[in-house]
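Hi,

Here is the structure I said I would pass on.

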Amino acid sequence: MALKIIDHGTKEYFQMVNLRNEILRKPLGLDFDTAELDREKDDVLIGAFEEDKLIGCCLITRMDSNTCRLRQMAVPSKLQHKGIGASLVSFAENVARDLGYKTMSMHARKTAIGFYEKFGYHVSGDEFEEVTIPHYIMLKRLR
Ligand SMILES: CC(C)(COP(=O)(O)OP(=O)(O)OC[C@H]1O[C@@H](n2cnc3c(N)ncnc32)[C@H](O)[C@@H]1OP(=O)(O)O)[C@@H](O)C(=O)NCCC(=O)NCCS
C-alpha cells in the first residue's frame, strides 16, 4: 500500500470523491455538490493506493494556525478491518505535525468513535447531528 497526497481536480481526486460518495454519502441518500468540492482546494487530500486503485482516503482542513480537522475518512466496505484506516490516521497525523498543527479535531460519526479512540482521540462535548446522523467532536493533541 502507498499513501500519498492527491492534487485537487486530478483523476485520483475524482476516484476519491467516488469512494467518499459510495461509503459516506449514498448510504444516507446524500451526494456532494460542486460548491462543497470547490472548498476542498486548500485541503490536504490523502489517498491510500494499491497500484492505481484507491483503497482509502481522508483529508485535512485548516481550522486555525494550531488546529486542523480530519475529515472524510473512508475505506471500501470489502477492505475494511485490514489496517487501511489505521495507516491513513497515522499518515494524516504526520502530515499535520509537519505543517505545524498542534491539535487534530474531527466531527466523528458515533459509529466510528471506537475506531478513533484506538489512536488516542477523545470525545469533547455533546452529541450533534450532521449529514442526518449522530456525531461527536473528537480531539487529539499532536506530539
Ligand atoms: C471507520 C473506517 C475508516 C476504519 O477503517 P478500517 O480500515 O476498517 O480500520 P482498521 O482496519 O485500520 O482498524 C483499526 C482498528 O480499529 C478497529 N475498528 C475499525 N472500525 C471500527 C469502528 N467503526 N468502531 C470501533 N473499532 C473499529 C479495528 O477493529 C482495528 O482494531 P484492532 O487494531 O484492535 O484490530 C472504515 O471502517 C470506514 O470507512 N467506515 C465507514 C465510513 C466511516 O464511518 N468513516 C468515518 C467517518 S467519521
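First, the ground rules. This is a predicted model, so local features need pLDDT of at least 70 and side-chain atom pairs count only at pLDDT 80 or more, while totals for chains, interfaces and linings use all residues. Residues are numbered from 1 along each chain as its sequence is written. Helices (H or I, at least four residues) and strands (E, at least two) are DSSP runs, numbered from the N terminus.

Let's start with the ligand. There are 19 residues around it, and those that come nearest are Gln 80, Gly 85, Ala 86, Gly 114 and Phe 115. A residue counts as near if its C-beta atom, placed from the backbone, lies within 6 Å of the molecule or strand in question. Two or more shell residues come from each of helix H1 (11–25), strand S4 (67–74), helix H3 (84–98), strand S5 (103–109) and helix H4 (113–117). H3 gives the most, with three residues. Sorted by class, the shell has ten nonpolar, six polar and three charged residues; here Ala, Val, Leu, Ile, Met, Phe, Trp, Tyr, Cys and Pro count as nonpolar, Asp, Glu, Lys and Arg as charged, and the others, Gly among them, as polar.

Now the strands, where two are said to pair if DSSP finds at least two bridges between them. S3 (53–62) and S4 are antiparallel, with five bridges, and they form a hairpin with four residues between them. Within that pair, Cys 57 has Ala 74 in S4 as its bridge partner. S4 also pairs with S5, this time in the parallel sense and over three bridges, and Cys 68 stands opposite Met 104 in S5. Together, S4, H3 and S5 make a right-handed β-α-β unit (right-handed meaning that, with the strands pointing away from the viewer, the path from the first strand over the helix to the second runs clockwise). S5 is also joined to strand S7 (residues 133–141), which runs antiparallel to it, by seven bridges; His 135 in S7 is the bridge partner of Arg 109.

Met 104, Met 106 and Ala 108 are on the covered face, while Thr 103, Ser 105, His 107 and Arg 109 are on the uncovered one.

What about the core? The largest nonpolar core has 29 residues, and Ile 46, Cys 57, Cys 58, Leu 70, Leu 88 and Ala 92 have the most contacts inside it. By core I mean a set of buried Ala, Val, Leu, Ile, Met, Phe, Trp, Tyr and Cys residues joined through C-beta atoms within 7 Å. Buried means 20 or more other C-beta atoms within 10 Å of the residue's own, exposed means 12 or fewer, and partly exposed is in between, with C-beta atoms placed from the backbone. Strand S2 (44–50), S3, S4, H3, S5 and S7 each give two or more residues to this core, and S3 gives the most, with six. Leaving aside neighbours within four places in sequence, Ile 46 is in contact with residues including Leu 3, Ile 5, Cys 57, Leu 88 and Phe 91 (contact being C-beta atoms, placed from the backbone, within 7 Å).

Finally, some single residues:

- Glu 51, in the loop between S2 and S3, has a positive phi of about 55 degrees although it is not a glycine. Glu 51 counts as exposed because it has 7 C-beta neighbours inside 10 Å.
- Thr 132 is in the loop between strand S6 (122–130) and S7, and its phi is also positive, near 75 degrees. Thr 132 is exposed, since 8 other C-beta atoms lie within 10 Å.
- His 81 is in the loop between S4 and H3, and is exposed, with 8 other C-beta atoms within 10 Å.
- Ile 23, in helix H1, is partly exposed, as 18 other C-beta atoms lie within 10 Å. Ile 23 touches Ala 74 and Pro 76, not counting residues up to four places away in sequence.

Cheers

Notes: Two residues are in contact if their C-beta atoms, placed from the backbone, lie within 7 Å.
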